[in-house]
Amino acid sequence: MLDVSVAYNRYKFLGHEFLTWLWFIMDVDQSSILKTQSDMLSLEMDNRIVLENSLDNRVENITIKGDDAGLEEAKLSLQKGGVVTELNFSLKTGDHEWKFNIKGESLNVSSLRPPETGKIEKKEDVEGAVLEKIYLYEKVVSLVENLYTQFIQIRISNKWNSETVPLIKKWIKS
Amino acid sequence: MRLLSSSVSITRYKVKGEIQGPLIKTVMEGLNKNSIIEIDNESMEKTAGWTSFDNPYLPDFETSSCVIGAHFVFSLRIDKKSIPSKIIKKYYTIEVAKKLAESGREHLSRNEKKDIREHVTNALILRIPATPNIYDIIWNYEESSLWFFSNQKAANEELETLFSKSFRLSLIRLFPYTMAELAAGITDRERDLLSTISRTKFMD
């Protein structure tokens, strides 16, 4: 295995491509995402997206946020050769909703807000509360891992250049 | 960051290696040997160590249970003293004035000023309590996975160093490359392909 810091920097583009692919999939083929977890109702982009565009040796970052923010600027950035570097998600199952953020270069989960849980009133409640939180966090962690595995399998196959990239290009232009 | 908060950040790790000896006893020993020490009345500026999840300010791994379900649950505590520069400046200025008055001179040498600054800083470090920061950890030993409830680089580096020292196991941080390398079902040929891939241009 490569040195950790070398591998982190050299391959962070994989995380950016993953988020770009994920936005494309969420937009055009929700059904393939819903297959990832049996009880999932939807996985959608929430209220924040960050894109990075490297032009003539300078890096341009674009952040779009807000509940009713339009995504035209984000699409425009992709058209100029940009990639998604950070994305905020909303995951729904039944009556429950999780909100979380994924940073492409690290694939770290941040600002993860799981569905609300009961208040801890006694010391004896702590163990149950911890297990409940682990269960709720696991939903997001395993979803990200499964989606990334799905992405990597396509990314290292011939299908990536022959089918997926042309479809993403078409979607970006649309 | 505490795992029971309403909003959390998680850095994921794969744990490499196996505990030699009885699992719970060995883990408890590792936690005890490297538990946080108080530095409030010491000349140390910073310290890091394990603490118990349910009692982070009075760690006691003997009575505190670190096992919840199939997980070890404990915390990393990093205590740091930070002295505001304006406080250092205040006491430094007073000390310099005192020294000038005592010696009857108009100026102090560069070394004398440096010594005074060091003396003032060390005296203040002894008087200022350290600020504790607590980061929770969930370690699923059976699945060799660990969640650290912070994305801060410095806290993650402290965790990696202390974990290796305490349990003689290494932590592999999960990020795009390591996640792909360790992805389930990936073949050796695919792993080789992974090392040769380059950036995709989505627009011509």
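**Order of helices and strands in chain A.** Along its sequence, chain A of this predicted model follows the pattern α-α-α-β-β-α-β-β-β-α-α, which comes to 6 helices and 5 strands, where helices (H or I, at least four residues) and strands (E, at least two) are DSSP runs numbered from the N terminus. Residues are numbered from 1 along each chain as its sequence is written, while chains are lettered from A and ligands numbered from 1 in the order in which they are written. Local features need pLDDT of at least 70 and side-chain atom pairs count only at pLDDT 80 or more, whereas totals for chains, interfaces and linings use all residues.

**Extent of chain A.** Taken along the principal axes, the C-alpha atoms of chain A fill a box of roughly 60 × 40 × 30 Å.

**The two domains of chain B.** Chain B is divided into domain 1 (11-81 + 130-196) and domain 2 (85-127), with bounds that come from an automatic or database domain assignment. The centres of these two domains of chain B, taken over C-alpha atoms, are separated by 41 Å.

**Strands 4 and 5 of chain B.** Strand 4 (residues 71-80) and strand 5 (residues 131-140) of chain B run antiparallel and are joined by 9 bridges, two strands being paired if DSSP finds at least two bridges between them. Ser75(B) has Asp136(B), in strand 5 of chain B, as its bridge partner.

**The hairpin of strands 5 and 6 in chain B.** Strand 5 of chain B is also joined by 4 bridges to the antiparallel strand 6 (residues 145-148) of chain B, and Trp139(B) stands opposite Leu146(B) in strand 6. These two strands of chain B form a hairpin with 4 residues between them, and Ser144(B) in the turn has a positive phi of about 50°.
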